[in-house]
Structures are given as structure tokens and as C-alpha cells.
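Reader: I would like to learn how to read a protein model feature by feature. Could we take the features one at a time, with the general idea before the case?

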Amino acid sequence: MRRLLLLAALLGGGALAQTALPGVLTLRFLDVGQGDAVLITAPEGQSLLYDGGRSEKRMTELLTQYGVKSLAVVAASHGDADHITGLIPAVQRFKPKFFLNNGIAATTQTFGKLTASVKAAGTQGLLASDRVINLGSVKVTVLPPPPSMPRGDQNLNSVGLLVEYGTFRALMTGDSETAETQGWLKTYPASKLGPIDVYKSIHHGARNGDSSAWLKAVRPRNVVIGVGPNNYGHPTSEALALYKGVGAAIYRTDLNGTVTVTVQPGGKYTLNTEKGTGTTPQTRPGAATPVSPVPRAPTPIPTLPPSSVTYPNCAAVRAAGKAPLLIGQPGYSRKLDRDGDGRACE
């Protein structure tokens, strides 16, 4: 067992920024075959890669395809190969600042190669704990494994992420099994867990992943299943029935390719697929009509209209209880946003 260094993470620096549409959060549930990988890019350009699938070659292709220029954080939900293999080229290529993980070393050559790459890149280990990662203006809450989980079980020590931007909320929980979701249900109130706009299916739709009690709390509006050809029967009929039972639209990377979620300031979002429209597409509150794929060309940050609210300095902002001010909010100004990340008076 091996614990990696615990560090705080506040990622708002412009040095980490890359191509991003102003004001827009993008989540890509990547088509990596049988495995999971989610690329999250904040409006200010900082990116977080949550899991990497089981193929170094495939992840390298996808990072190139989507024009990724940098990664601030790579995160492993747990140490299984279908979640961490693609993190190896990501770390080697971009030398991210942090490697978020559950602190439990897997006894595989793949995990050894990943941790060696992390060390060689100078990437700092970040042990999953109750913490928030500010990915630009996007709030990423880490759901660490409940303390009662057996340390030798990777699935039961999966690291979850809750992503929030305006009213939009997405949840990813690796290959958690019922015991871990029961532990989270004891830790977090239902209002913390749901409703969720876009939810990554647990364990590729396995029979021992999602449960009715967990989904009752999560209340997913859309479910994305990271799955490819496999001998496990994923996704199982039981899991699909659970998702349909809560009225969720279902997307599958084996049928729909990479699923892209584009979130506007305030929280309205669209889902786009490489092919097809999902197995049970539904119109949901807060979801706009699907649009064409989001262009990836760099777009200059727009000049905002003058606000009727002004603050002479950050002390005044804090006194008014408005800190931090996000770009587009009344009172935001460039002079108060010294690092230019769209969050003034952090």
C-alpha cells in the first residue's frame, strides 16, 4: 500500500490555460472502448482528465483529436488498467501539476509505469479527501472513498468527482460497488448528490454497480455508459432497467462514440454524440436542443458590457459578500482579476 503526497489544489493560473470557448465548460466522455475516460475543460482552458481508458495509443489519438494542449490534473478513479492505462501518455506528454488518486497502489506493471511517469514528470500526488478543486471557474468536489472500505479492494475505493458550473452538475464515481455507494449515502445528503444532469454509469453498467437506492439519491437526467466490446455483459440489462426506471436518457460510447456535453454560463447544457442520438433521448429541464459539434478553434474572450455595479477593490467585494466574482457577474472587472482567470478577488 502506498500513499501519495497530499496537497491542496487551486487551479486558476493562466499558464495552464488552453483552447477553450469563453464562458463554456466542456465535458467529453471519451470513446476509449471498454473503459472510462472523461476530459473536462473549464471555460478558462484548464483541463482535468478523469481516467484514461485501457489503451495508450487510443488516448494519444484522442488528446490529439481534441486539440489538448495541457492538463492541469489527471485523476485515477482507481488503479484498474481500463481506467489508468491512457493516463500514462497523458502524464508523459503534458506533465500535469497534480495526480489525484485513492492512495492505494495496484500491483500491476501498468500502475508501476503510471507512477514512474508521474515521478519523471514532476507531477505531485494528490490523495483523494474532502476537498474542492477550483478548475478555473468550475467547482470540482472530490468524493473520497468512505473510511470503512477494505483497503485492498480497488473498486470499493473508487474516487468520485462532482462537477458544478452554474446550475449544471455532473457526477462520476469510477467502478464503485454497492458498499461504497451505501457509504456515500451515509456521508452526503441527497441534496448534495442529486439531481445530476449528466451521470457516468458506475462500472460500465455492471450488475454490481448502480442500485435503485443510489440512483434515487442521484436522480440522473442523462446517463453516459463508458463501454466497448467485452465479455462481461456490460452494460447489463439490470443496469439499463435502473436507468430507464429513473427516467434518464441513456448514451453509450460503444453506440454513440464520444459524448460531448457543452455547458453555458448559468448551467444550460447540450449533449452531442459522434453518432446516433442515445438509446432513450429525452427532453430535460435545463437542457437545450442538441446542436452541432462544438468548434474547437480558439475564440477571443468577448468584451463585456459595462456593469452598473462597481467595486473599487477586493476589500469592497468581500465586504459585500460577493467574492469571488466570476466573469459576467455584476461588478466583475479586469483590474480585480489579477491572474486573468475569470475569477476576481479569489
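Reader: How are two packed helices described, and at what angle do α1 and helix α3 pack?

Author: Two packed helices are described by the angle between their axes and by the distance between the axes. In this predicted model, where local features need pLDDT of at least 70, side-chain atom pairs count only at pLDDT 80 or more, and totals for chains, interfaces and linings use all residues, α1 and helix α3 (residues 87-94) pack at an angle of about 50°, with their axes 7 Å apart. That makes α1 oblique to α3; angles under 35 degrees count as roughly parallel, over 145 as roughly antiparallel, 65 to 115 as roughly perpendicular and the rest as oblique. Axes are lines fitted to C-alpha atoms, for helices over the stretch in contact, and angles run from 0 to 180 degrees between N-to-C directions. Residues are numbered from 1 along each chain as its sequence is written, and side-chain values use heavy atoms, with hydrogens and water left out. Helices (H or I, at least four residues) and strands (E, at least two) are DSSP runs, numbered from the N terminus.

Reader: Which residues of α1 and α3 meet?

Author: E56, M59, T60, L63 and T64 in α1 meet I88, P89, A90, R93 and F94 in α3, where contact means heavy atoms within 4.5 Å.

Reader: How do the axes of α3 and helix α4 cross?

Author: The axes of α3 and helix α4 (residues 109-121) cross at roughly 10° and come within 9 Å, and the two helices are therefore roughly parallel to each other. On the α3 side the contact is made by L87, I88, V91 and Q92, and on the α4 side by T110, K113, L114, S117, V118 and A121.

Reader: How many residues of α3 are buried?

Author: Buried means under 20% relative accessible area, exposed over 50%, and partly exposed in between (1.4 Å probe, protein chains only). Six of the eight residues of α3 are buried, and the helix is mostly covered; the buried residues are L87, I88, P89, A90, V91 and F94. The elements that cover them include β4, α1, β5, α2 (81-84), β6 (98-101) and α4.

Reader: Let us turn to strands. Which way do the side chains of strand β4 point?

Author: In a regular strand the side chains alternate between the two faces of the sheet. In strand β4 (residues 47-50), S47 and L49 point one way while L48 and Y50 point the other way, and all are buried.

Reader: In which sense do strand β3 and β4 pair?

Author: Two strands pair if DSSP finds at least two bridges between them. Strand β3 (residues 38-41) pairs with β4 in the antiparallel sense over four bridges, and the bridge partner of I40 in β4 is L48. On the other hand, β4 and strand β5 (residues 73-75) run parallel and are joined by three bridges, with L48 standing opposite V73 in β5. Between these two strands the chain crosses from β4 through helix α1 (residues 56-65) to β5, and this β-α-β crossover is right-handed; a crossover is right-handed if, with the strands pointing away from the viewer, the path from the first strand over the helix to the second runs clockwise.

Reader: What is the order of the strands in the open sheet?

Author: The open sheet has eight strands in the order β7-β6-β5-β4-β3-β2-β15-β16, with mixed pairing. Its edge strands are β7 (124-127) and β16 (269-273), each of which pairs on one side only.

Reader: How should I read an aromatic pair, and how far apart are the ring centres of W184 and W214?

Author: A pair of aromatic rings is described by the distance of the centres and the angle of the planes. Rings of Phe, Tyr and Trp (its six-membered ring) pair if their centres lie within 6.5 Å; planes under 30 degrees apart count as stacked, over 60 as edge-to-face and the rest as tilted. The structure holds two aromatic pairs. In the pair of W184 and W214, the ring centres are 5.9 Å apart and the planes stand at 35°, so the pair is tilted. W184 lies in helix α5 (residues 178-187) and W214 in helix α7 (residues 212-218), 30 residues apart, and the pair links distant parts of the chain.

Reader: Where is D51, and what is its phi?

Author: Most residues other than glycine have a negative phi, and most peptide bonds are trans. D51, which lies in the loop between β4 and α1, has a positive phi of about 70° although it is not a glycine.
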